[in-house]
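Student: I'm new to this one and would like to learn how to read a few of its features. Could we go through them together?

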Amino acid sequence: MRVLVIGSGGREHALCRALAADSQVEEVHCAPGNAGIASVATVHPVRATDPADVTALAGRVGADLVVVGPEAPLVAGVADALRAAGVPCFGPSAEAARIEGSKAFAKEVMAAAGVPTARARTCSTPEEAAAALDAYGRPYVVKDDGLAAGKGVVVTDDREAALAHAAACERVVIEEYLEGPEVSLFALCDGETAVPLRPAQDFKRAYDGDAGPNTGGMGSYTPLPWAAPSLTDEVMATVVQPTIDELAKRGTPYIGVLYAGLALTAEGPRVIEFNARFGDPETQVVLDRLATPLGGLLHAAATGGLAGLPPLTYRGGAAVAVVLAAGNYPASPVTGGVIEGLEAVEAECADAYVLHAGTALDAEGRVIASGGRVLNVVGTGEDLTAARAAAYDALGRVRLAGAHHRTDIAAAAAESRETDGTL
C-alpha cells in the first residue's frame, strides 16, 4: 500500500511512524507534515482543509489509502471528496464528523441512541447561558459548540468566567459536571463494525497538579492500572456501538475513528465528548503498544472489512508521552526557538523517542518550534514507572529556551500500580 496521512502534528508523526513499520506499507506520504515526520515519510505541501487539494495530491502519489488526522479537514468534507474520487479514506464524512464539529449535534445523537452523558442545554444568548449555569451549578462546564482545537471548554467555579466564555462563542453547550477520572477510548469503525483500541488517559491542564488553563493535551499514558478490566467492553456496548448504529440509521455511516472522552462516574461511564479523529497525545502511546500492523487495520476500516479481522494484539509493558510546550503556551506560544538535543535522544535513549508536533526547519536547516505543543517524548518500559523514567530521562536531554512541561504525567497511576499490584 501507499498511504497518505493528512496533518502536521504529533498524532500524525505517530501515525506515520506506525505505518512505516508495517511491512504491507510500501510508501508513506504526509501533507503538510513537519520536521520530524520528514524522517519517516515523504512530505508534501497541501491545504489540508481543501478537499480538491487533498484529492489531487492523493492522485499524484497514487494513494491506496488516505488517513485524515485532524478534525478540521473532516468537517470541511475532505473524506467525502476522496471517496467520490474512488480513494479509500480513513475518516468520517462531513455529516458524520459533526459528532465533533457540533457539541449540540453530538448531544442530539446521544439522546437518540440512549448513550449515557451529562445533562446539557444549548445556549445562544447571555440569558440562556446564565439560566443553564444556575440550573447545573458549580463547577460550571461551558463548551464552544464548534471546533476549537481542544481548547473550547472551560471548567470553572467562577460564574463570571463561565459567562465570559459563553459570550465569546457564537453558541455553547452548558452541562452538568461529571465527577470521576477521565479516560479516552478510540474505536475503529467501518460504518457497521467497531473495534476498540486500548484506553488511555491524557492530561489537559497546562501545569502540574491539573493547574492552569486547558490545553490540547500535555501528556498521556497507557495502560490504565486502576481501570476495571470490563471497561472497554462496557463502553463499546453502551456508548460506541449505539452511536455507530444511530448514525447508520440516519444515513451517515461512520467510517474512521470514534474517540469517546469519558468520565468514570459512580453511576458508570458517561460521555464527556466525542471526537471524530484520533486524540492527541493519546494516539502516541496507544499506537506504541499496538502490535497489529496499522496499515491493514486502517484500510479494513476504510473499506468495510473490520468484521473479518482477527483480534488485535499488543506489546506488553507501558508507554508514557510527555509534551514539551513552547513558552507562553497555551496563550500566545513563542515560536522560532531552536531545539537542541534531539540527536542525543536518538543516540543515547534505547527506551524513548521523540515525535514532532509543532516543528519546522529554518533557513539553516535547524529544527525550530513552530507551534504551541512542540514535541512529544515517548518513553516505554515494563511498567509505568519504567516508562515514565525513560520519557523524562530523554526529555532532560532536549533544550528549547522558555519551554515548559508537566512533571507529573502518569505519576499517580504508576504509584497505584506499585501500591496494589493491579494491571
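This is a predicted model: local features need pLDDT of at least 70, side-chain atom pairs count only at pLDDT 80 or more; totals for chains, interfaces and linings use all residues.

Student: Now the rings. How many aromatic pairs does a search of the whole structure find?

Tutor: Four. Take Phe 186 and Tyr 259: their ring centres are 5.1 Å apart and their planes meet at 65°; over 60 degrees counts as edge-to-face, so that is what we call this pair.

Student: Which parts does the pair of Phe 186 and Tyr 259 tie together?

Tutor: Phe 186 belongs to strand 10 (residues 182-190) and Tyr 259 to strand 16 (residues 255-265), so the pair joins parts 73 residues apart in sequence. Phe 186 and Tyr 259 are both buried. Ring pairs also link these two with Phe 90 and Phe 278 into a cluster.

Student: And how should I read Phe 203 and Tyr 221: are they buried or exposed?

Tutor: Both are buried. Their rings form a tilted pair, with 6.1 Å from centre to centre and 45° between the planes. Phe 203 sits in the loop between strand 12 (201-202) and strand 13 (205-207), while Tyr 221 is in strand 15 (residues 219-222), 18 residues apart.

Student: What sits over the ring of Phe 105?

Tutor: That's the charged end of Arg 98, 4.1 Å from the ring centre. Likewise, Arg 121 lies over the face of Tyr 136, at 5.8 Å from the ring centre.

Conventions
Residues are numbered from 1 along each chain as its sequence is written. Side-chain values use heavy atoms; hydrogens and water are left out. Rings of Phe, Tyr and Trp (its six-membered ring) pair if their centres lie within 6.5 Å; planes under 30 degrees apart count as stacked, over 60 as edge-to-face and the rest as tilted. Helices (H or I, at least four residues) and strands (E, at least two) are DSSP runs, numbered from the N terminus. Buried means under 20% relative accessible area, exposed over 50%, partly exposed in between (1.4 Å probe, protein chains only). A charge sits over a ring if NZ of Lys or CZ of Arg is within 6 Å of the ring centre and within 35 degrees of the ring normal.
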